[in-house]
Amino acid sequence: MQGKVEICGVNTAKLKTLSQEEMTVLLQRANQGDERARQELIEGNLRLVLSVIQRFEKRGESPDDLFQVGCIGLIKAISNFDPSKNVRFSTYGVPMIAGEVRRYLRDNSAIRVSRSIRDVAYRILQCKEQMLAQLGREPTLEEIGKELSLPEETISEALDAVCAPVSLYDPVYSEGGDPLTVMDQVRDTKNTELNWMEHITLQNAFQALGEREKQILSLRFYDGKTQMEVADLVGISQAQVSRLEKGAIATMRKSVTVS
């Protein structure tokens, strides 16, 4: 989104702004039903919409779609704003615009989250925006919990549930050279050096077995067959299968231990 000059046919480089005095007059006129004043308010606050939707630019959504949704939030904010209250319009409008965008992202998410959790998360996000405006800083989970009478665990789980998924190839750091991605910071617990060594040692021990022992172990532990089924396939008795299986395992164990 950064560097995008035109959104929904609107040249963002030429968006006009309104002074506080102009805002006050237009809000009073719009509150009295003046449609022209309402239109001027919408056009004069598109930069506010643009600043809000930039928070969501990594969600993978089209900037044009987010801008349109943000404009809906702006229109709702203008319609519901009370000029008699001693509050700046931006203080009231930003949470309304952000809330509209979040609702859109929530309802159109590829990851389905239950309605109850989404509703709780929406309440938390609204509360967070309001407390941010009041405190001038990010509220803690404890502060949000006291405000909504919710345990911190519930707040954390709800926010995690509606958090946008992160791509393994998203850059997390870049300075000069190739960027460091999420993938670079994910630990591989499967292909560690220790596991590779164990795998090679077992493979060597298996290869040292006779052909019949290898066949029996493959049928038993790779194909998951019973000793009776192996006996039928190989053409020997179950007792012989059992004896050869135990002998093969003992030989491999000895080989691994020695290694």
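Analyst: Before the questions, one cut-off is needed: a residue counts as buried under 20% relative accessible area, as exposed over 50%, and as partly exposed in between. The model is predicted.

User: Is R102 buried or exposed?

Analyst: The relative accessible area of R102 is 17%. The cut-off for burial is under 20%. R102 is therefore classed as buried.

User: Which residue meets R102 in a salt bridge at 3.1 Å, N to O?

Analyst: Side chains of opposite charge can pair when their charged atoms come close. For R102, the 3.1 Å contact from N to O is with the side chain of E129. The pair links distant parts of the chain, with R102 in helix α5 (residues 89–107) and its partner in helix α6 (residues 115–135), 27 residues apart. The partner counts as buried at 8% relative accessibility, and it is E129.

User: Where does E138, the salt-bridge partner of K128, lie?

Analyst: The side chains of K128 and E138 meet at 3.4 Å, N to O. K128 counts as partly exposed at 26% relative accessibility, and E138 counts as partly exposed at 49%. The two are ten residues apart; K128 is in helix α6, and E138 is in the loop between α6 and α7 (141–148).

User: What separates E211 and K214 in helix α11?

Analyst: E211 and K214 form a salt bridge with their closest N and O atoms 3.2 Å apart. E211 is exposed at 62% relative accessibility, whereas K214 is buried at 13%. Because they are three residues apart in helix α11, their separation is about one helical turn.

User: What distance does helix α11 reach from its first C-alpha to its last?

Analyst: Helix α11 (residues 211–222) has twelve residues. At 1.5 Å a residue, 16 Å is expected. The distance in the model is close to that, at 15 Å.

User: Which residues of α11 are buried?

Analyst: The list includes K214, already seen at 13% relative accessible area. The buried residues of α11 are K214, I216, L217, L219 and R220.

User: Which residue just after α11 takes a positive phi?

Analyst: The position lies just after the helix. Its phi is about 75°, and the residue is G224.

User: How many salt bridges does the structure hold?

Analyst: For the structure, the number of salt bridges is twelve.

How values were computed: Residues numbered from 1 in each chain as written. Predicted model: local features only at pLDDT ≥ 70, side-chain atom pairs only at ≥ 80, totals over all residues. Heavy atoms only, no water. Helix = DSSP H or I, 4+ residues; strand = E, 2+ residues; numbered from the N terminus. Expected span 1.5 Å × (residues − 1). Buried < 20%, exposed > 50% of the residue type's maximum accessible area, 1.4 Å probe, protein only. Salt bridge = Lys/Arg side-chain N within 4 Å of Asp/Glu carboxyl O.
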